[in-house]
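Here is a short briefing for a reader new to this structure. Start with the model itself, then take the topics in turn.

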Amino acid sequence: MKKKKLFQAVRFHIGACLIGFLMIYPLIWLLASSFKSNDTMFLDTYSLIPKEWAVAENYASGFAGVGGVKFATFFMNSLIVTVVGTAGCVMTSLLAAYALSRIKFKFSGLWFGCVMLTMMIPPQVMVVPQYIILKKLNLIDTRTALILPWFFGGAFFIFLMVQFFRGIPRELDEAAEIDGCGRIGILFRILVPVVRPAIITSSIFAFYWIWQDFFQPLIFMNSAKKYTIPLALNMYLDPNSYNNYGGLFAMSVISLLPVILFFIIFQRYLVDGIAMDGIKG
């Protein structure tokens, strides 16, 4: 029996390692390709060991940017849009979830159902009305055009937080009211510390979605100096001239670092948020 259990454990771990390697192989290939020269990059596509190293050249050409704009400019654009957009999205989602779950008002269930229905609407459908509104507000080709739509919350985040709020006893609200707390005080002093896993989980997803968003910047932005990283990476490839694959792969690696670091730092809260939401549901 011990040998059988040992064999099953070894087989499981070998299989898990193989599946894990297959999943992470594209990232390893991207990192290895950023070390290769443009001339030898596609001679042996599946090889992870460069035949000719060009680390300094690739990263130098990548940081030099495209069209007279340095990569640092694109990086700062993405960082500003992502940080401000994430903060606005999570905050408005928190306020909406609090109102829908803890405050009694007419047709609250109907409004919550309407919020859930928006999850079935493709985001591309919303771009046209958003563009018209932003055009009338003279916000096209500004960072505000990329940030403002996120300040109206997200249906998925509202649903996640509502589930957490519903699992908190209302006696806490009543006790806080007796002590003189208003609704805002109850939210930030009593409830926010309890639903912190849901807030951080929402922040992780919002950060990732805004950071990698390509479609909205493509529609709303015209000036190359205001491009975010997804649009900037596309500029490294020009079918009519020289394709800087080395710089493209090098800057792709750099663009992944904030997302990976953000996930590593808050990974524990992500697991806790999803697990606790599943238990309460």
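Contact means heavy atoms within 4.5 Å. Among contacts in the protein chain between residues at least 6 apart in sequence, 73% join residues at least 24 apart. The model is predicted: local features need pLDDT of at least 70, side-chain atom pairs count only at pLDDT 80 or more, and totals for chains, interfaces and linings use all residues. Residues are numbered from 1 along each chain as its sequence is written, and side-chain values use heavy atoms, with hydrogens and water left out.

**Fold and shape**
- The protein chain has 13 helices and 0 strands (DSSP runs numbered from the N terminus: helices are H or I, at least four residues; strands are E, at least two).
- The radius of gyration, taken over C-alpha atoms, is 24 Å, well over the 19 Å that the globule rule gives for 281 residues, so the protein chain is more spread out than a compact globule.
- That rule is 2.2 Å times the number of residues to the power 0.38.
- The C-alpha trace spans about 75 × 70 × 30 Å along its principal axes.

**Burial**
- Buried residues (under 20% relative accessible area, 1.4 Å probe, protein chains only) make up 40% of the 281 residues.

**Salt bridge**
- The whole structure holds 1 salt bridge, meaning a side-chain nitrogen of Lys or Arg within 4 Å of a carboxyl oxygen of Asp or Glu.
- Arg102 pairs with Asp173, and their closest N and O atoms are 2.8 Å apart.
- Arg102 lies in helix 3 (residues 71–102) and Asp173 in helix 8 (residues 171–178), so the pair ties together parts 71 residues apart in sequence.
- Both Arg102 and Asp173 are buried.

Definitions and conventions. Buried means under 20% relative accessible area, exposed over 50%, partly exposed in between (1.4 Å probe, protein chains only).
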